[in-house]
Amino acid sequence: MPHFSLVMFALVAAALFGSPSKAFLPLPTTSRVSTTSLKGFGKAFGDAFKNDDSLGNAENAGLKGGPKYNEQVTINGKEVKAIVGQPVKNVANSARVRIRYDCQKGDCGTCMIKMNGKKVKACQMKIPSGRCVIETLD
């Protein structure tokens with residue numbers, strides 16, 4: 001019986017590979033250039049990623065003229081340079097002035113400060129343009 005399976009293997013190998021000695025050689029490789037085919041969509045997307053020359057040269061995507069600074073900001077008497085619209089809590093943090101926060105949403109009132117003489121919640125306020133005097137209430 002074992003002799004029969006060896007003979008069968010040799011016959012199958014000979015049929016597949018031409019001779020039993022070629023049965024154990026690696027298959028020959030052919031080098032093909034692979035191309036991607038879009039199956040009918042190739043022309044539809046042909047111009048999709050071309051540059052539009054009518055737009056002109058690319059410009060810097062940042063702020064034109066830079067951010068608007070407010071140099072009239074003081075926190076507890078310390079002069080601070082801030083950006084208009086910047087959160088008060090960020091300006092106070094950069095000036096190393098401690099303001100206590102709890103909820104960070106304006107619900108609890110832990111972060112109450114005086115801004116231009118009015119009591120407000122620091123977590124909700126932004127730096128205005130013009131004079132801005134901030135005092136902590138601790």
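## Overview

A residue counts as buried when its relative accessible area is under 20%, as exposed when that area is over 50%, and as partly exposed in between. The model described here is predicted. Its protein chain has 138 residues, of which 18% are buried.

The secondary structure amounts to two helices and five strands. Their order along the sequence is α-β-β-α-β-β-β. Taking contacts between residues at least 6 apart in sequence, 36% connect residues at least 24 apart.

The five strands form an open sheet in the order 2-1-5-3-4, and the pairing is mixed. Strand 2 (78-83) and strand 4 (118-121) are the edge strands; each has a single partner strand, so one side of each lacks a neighbour in the sheet. From one strand to the next, the twist averages 35°.

Strands of a sheet are held in pairs by backbone hydrogen bonds, in either a parallel or an antiparallel sense. Strand 1 pairs with strand 2 in the antiparallel sense, over five bridges. Strand 1 also pairs with strand 5, here in the parallel sense and over three bridges. Strand 5 is joined to strand 3 by three bridges in the antiparallel sense. Strand 3 (residues 112-115) and strand 4 run antiparallel and share four bridges.

## Strands 1 and 2

Strands 1 and 2 make a hairpin with two residues between them, and in the turn Asn 76 has a positive phi of about 50°. Across this pair, Asn 70 has Ala 82 of strand 2 as its bridge partner. A charge also sits over a ring: Lys 81 lies over the face of Tyr 69, 4.5 Å from the ring centre. The structure contains zero aromatic pairs.

Pro 67 belongs to the loop that connects helix 1 (2-17) with strand 1. Its relative accessible area is 31%, so Pro 67 is partly exposed. Although Pro 67 and Val 84 are 17 residues apart along the chain, their C-alpha atoms are separated by 7.8 Å.

## Thr 74 and strand 5

Thr 74 is part of strand 1 (residues 69-75). With a relative accessible area of 19%, Thr 74 is buried, because the limit for that class is under 20%. The bridge partner of Thr 74 in strand 5 is Val 133. Apart from neighbours within four places in sequence, Thr 74 contacts Glu 79, Cys 132, Val 133 and Ile 134.

Strand 5 (residues 132-136) has Cys 132, Ile 134 and Thr 136 on a covered face, while Val 133 and Glu 135 are on an uncovered one. Thr 136 of strand 5 is also the bridge partner of Ile 113.

## Strand 4 and the cysteines

Which residue of strand 4 is the bridge partner of Met 115? That partner is Lys 118.

How many disulfides does the structure have? The count is zero. Cys 108 takes part in no disulfide, and the nearest cysteine sulfur, belonging to Cys 103, is 3.6 Å away. Cys 108 is partly exposed, as its relative accessible area is 38%.

Is Cys 123 buried or exposed? Cys 123 has a relative accessibility of 13% and therefore counts as buried. The closest cysteine sulfur to that of Cys 123 is in Cys 111, at 3.6 Å, which is too far for a bond.

Definitions and conventions:
Residues numbered from 1 in each chain as written. Predicted model: local features only at pLDDT ≥ 70, side-chain atom pairs only at ≥ 80, totals over all residues. Heavy atoms only, no water. Pairing = 2+ DSSP bridges. Axes fitted to C-alpha atoms, helices over the stretch in contact; angles between N-to-C directions. Disulfide = S-S within 2.5 Å. Buried < 20%, exposed > 50% of the residue type's maximum accessible area, 1.4 Å probe, protein only. Contact = heavy atoms within 4.5 Å. Phe/Tyr/Trp six-rings, centres within 6.5 Å; stacked < 30°, edge-to-face > 60°. Lys NZ or Arg CZ within 6 Å of the ring centre and 35° of its normal.
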